[in-house]
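Take a look at the model below. We start with the whole chain and end at a single residue.

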Amino acid sequence: MIDLVLVSMPDSKVTDLEAAVKRIDSGSSIAMGLALEHAIPFAAGHELIRQGTDDLTLIGPISDLLFDQLVAADLVDSVRAAWVGNVSAGTGYNFRRAVEAGDLTVENHSNFSIALSLKAGAMGVPYLPTRSLLGSDIFEENDQFKATEDPYSGDRIALVPAIRPDWTVVHVQRASPYGDAHFWGNSGVMIEAANAADHTLVIAEDIVEPEVIKSDPSRTVITRDSVTAVTEVPCGAHPSPLAGRYNRDNDYYLDYAKRTSSQEEAASWLDEWVHGVSDRAEYMEKIDRDLGISDPTVAAEVEYGQ
């Protein structure tokens, strides 16, 4: 007699952006902007603003404008980051105002220490050691780091504690309905953050059939076991670039700097660009300029056996 083994099909994790972001509670810690200046999930940040999800702790290496916009909306209690601002124009005025007014707690990191913290969180260990912080003054600005003696060599080392976000939000080129995601280009610490978080929201340019993901398994950087929800939002990383899809919108960054130098101007900007549009499609209609890749480069073909 043959024993039959029934294999259940996975459930789809697809939802729309509004419903996906509604799952993020006020008071959550959220890791975003993890691929440095690439693939920043601005659409998700704008939806957080529309829903008024507040008392947030934001985590990331170089968030570019995303953190500054959430601070402008008065939704942020603390930031754990290496840098917040406007890459094209220097400072992020809203972040700077909040820090100078004492309205924002900042845990200062280097890019490497944020990476180590998220890696430790992903590994399930309490901390990771490094020598790179020794000799810097970051210990004066972040009392979470500890300098101690290596029990094996006797050398001094720094211990960087794990960070385990409540949520990690990422933007990728494509994903299956079940959450397996293809990504190419600079990933920064996206993968570490997805594996460290309790929940991961994957925002994709395209939701594709599982066979597309299976056709190139080496490009699957996030797998379904880490993913809580998947949503399709074309141009959801604008104004940051997304490899193979669209370029960085430099004009947007410069315009943002000009229009947010005061609190009143920042509120006006949010009214127009976040509250004043119903969805990402309407937002992109307002952009109305070509950011496409003019000369696409295709990687060499990869062959897999059967």
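Predicted model: local features only at pLDDT ≥ 70, side-chain atom pairs only at ≥ 80, totals over all residues.

Residues are numbered from 1 along each chain as its sequence is written, and side-chain values use heavy atoms, with hydrogens and water left out.

The protein has 11 helices and 12 strands. These are DSSP runs, numbered from the N terminus: helices are H or I of at least four residues, strands E of at least two. The radius of gyration is 20 Å, close to the 19 Å of the globule rule for 306 residues, so the protein is as compact as a globular protein of that length. The radius is taken over C-alpha atoms, and the rule is 2.2 Å times the number of residues to the power 0.38.

Now the packing. Of the 306 residues, 47% count as buried, meaning under 20% relative accessible area with a 1.4 Å probe, protein chains only. Contacts (heavy atoms within 4.5 Å) are counted here at a separation of 6 or more, and 74% of them join residues 24 or more positions apart.

Finally, D249. This residue lies in the loop between β12 (229-232) and α9 (250-259). Is D249 buried or exposed? D249 is buried, with a relative accessible area of 2%. Leaving aside neighbours within four places in sequence, D249 is in contact with H238, P239, I287, R289 and L291.

Methods: Buried < 20%, exposed > 50% of the residue type's maximum accessible area, 1.4 Å probe, protein only.
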